[in-house]
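Okay, thanks for coming, everyone. Let me put the structure up and then walk through the aromatic residues and what surrounds them.

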Amino acid sequence: MKKYTGLLVSCLVVAGSAFAGNPMVPDVGMADPHIRIYNDRAYLYSTHDADPTSRQWRMPDWRIWSSDNLIDWKLEHTIQPAETYIGKPSIRCWATDMAERDGRYYFYFSNGNKDTGVLRADHPAGPFEDVLGKPLMDASLTITKEYDPTVLVD
């Protein structure tokens, strides 16, 4: 799987510019995808655009997809905002990222441009728990209200 990672990035750039819609999972609105490889399986973490034909952002949940061949993608899990400190339905389920540390998986997510949260799981596809019960980073930490988490593992 590792040898395909660079190829995947190149294909996504070309496919994204050459075709309208979602070339990986047709007819599914998806934004801000991040792909991570765990145990020789690709996991794609993304927002879910409820209406990909609209010019409005309506992101009601986050989705986790997996593939062992980078062609066929399986929906593994959907995370609802009510399962987090947000505590209710929302259409502001923005960008995500994922990291693994010591056998645990950490799913970072944006609550619109308001704050950033984190969930924890024992498997890259969940189930996840909100162990903090509050934002990891709230909007008061920055002036510009950043809302696209990216994880750097050094």
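Start with Phe109, which is buried at a relative accessible area of 0%; buried here means under 20% relative accessible area with a 1.4 Å probe, counting protein chains only. This is a predicted model, where local features need pLDDT of at least 70 and side-chain atom pairs count only at pLDDT 80 or more, while totals for chains, interfaces and linings use all residues. Residues are numbered from 1 along each chain as its sequence is written, and side-chain values use heavy atoms, leaving out hydrogens and water.

So what does Phe109 pair with? With Tyr85: the ring centres are 5.8 Å apart and the planes are at 25°, so this is a stacked pair. For the cut-offs, rings of Phe, Tyr and Trp (its six-membered ring) pair if their centres lie within 6.5 Å, with planes under 30 degrees apart called stacked, over 60 edge-to-face, and the rest tilted. Tyr85 is in the loop between strand S4 (74–79) and S5, and Phe109 is in strand S6, so the pair ties together parts 24 residues apart in sequence. Strands, by the way, are DSSP runs of E with at least two residues, numbered from the N terminus. Tyr85 is buried as well, with a relative accessible area of 18%.

Both of those rings belong to one aromatic cluster, together with Tyr45, Trp62, Phe107 and Phe128. Searching the whole structure turns up 8 aromatic pairs. One of them is Tyr38 with Tyr43, a tilted pair at 6.2 Å centre to centre and 45° between the planes, and both of these tyrosines are buried.

Now the core. The largest nonpolar core has 19 residues, and Phe107 and Phe128 touch the most other members. A nonpolar core here is a set of buried Ala, Val, Leu, Ile, Met, Phe, Trp, Tyr and Cys residues joined through side-chain atoms within 4.5 Å. Strands S2 (41–49), S3 (61–67), S5 (93–101), S6 (104–111) and S7 (115–121) each give two or more residues to this core. There's also a second, separate core of 8 residues, including Val25, Val28, Leu44 and Trp65.

Last, the sheet. Which strands make up the open sheet, and in what order? There are 4, running S5-S6-S7-S8 with antiparallel pairing, where pairing takes at least two DSSP bridges between two strands. S5 and S8 (137–138) are the edge strands, each pairing on one side only. S7 and S8 pair over 2 bridges, and Asp115 has Asp138 in S8 as its bridge partner.

Conventions. Buried means under 20% relative accessible area, exposed over 50%, partly exposed in between (1.4 Å probe, protein chains only).
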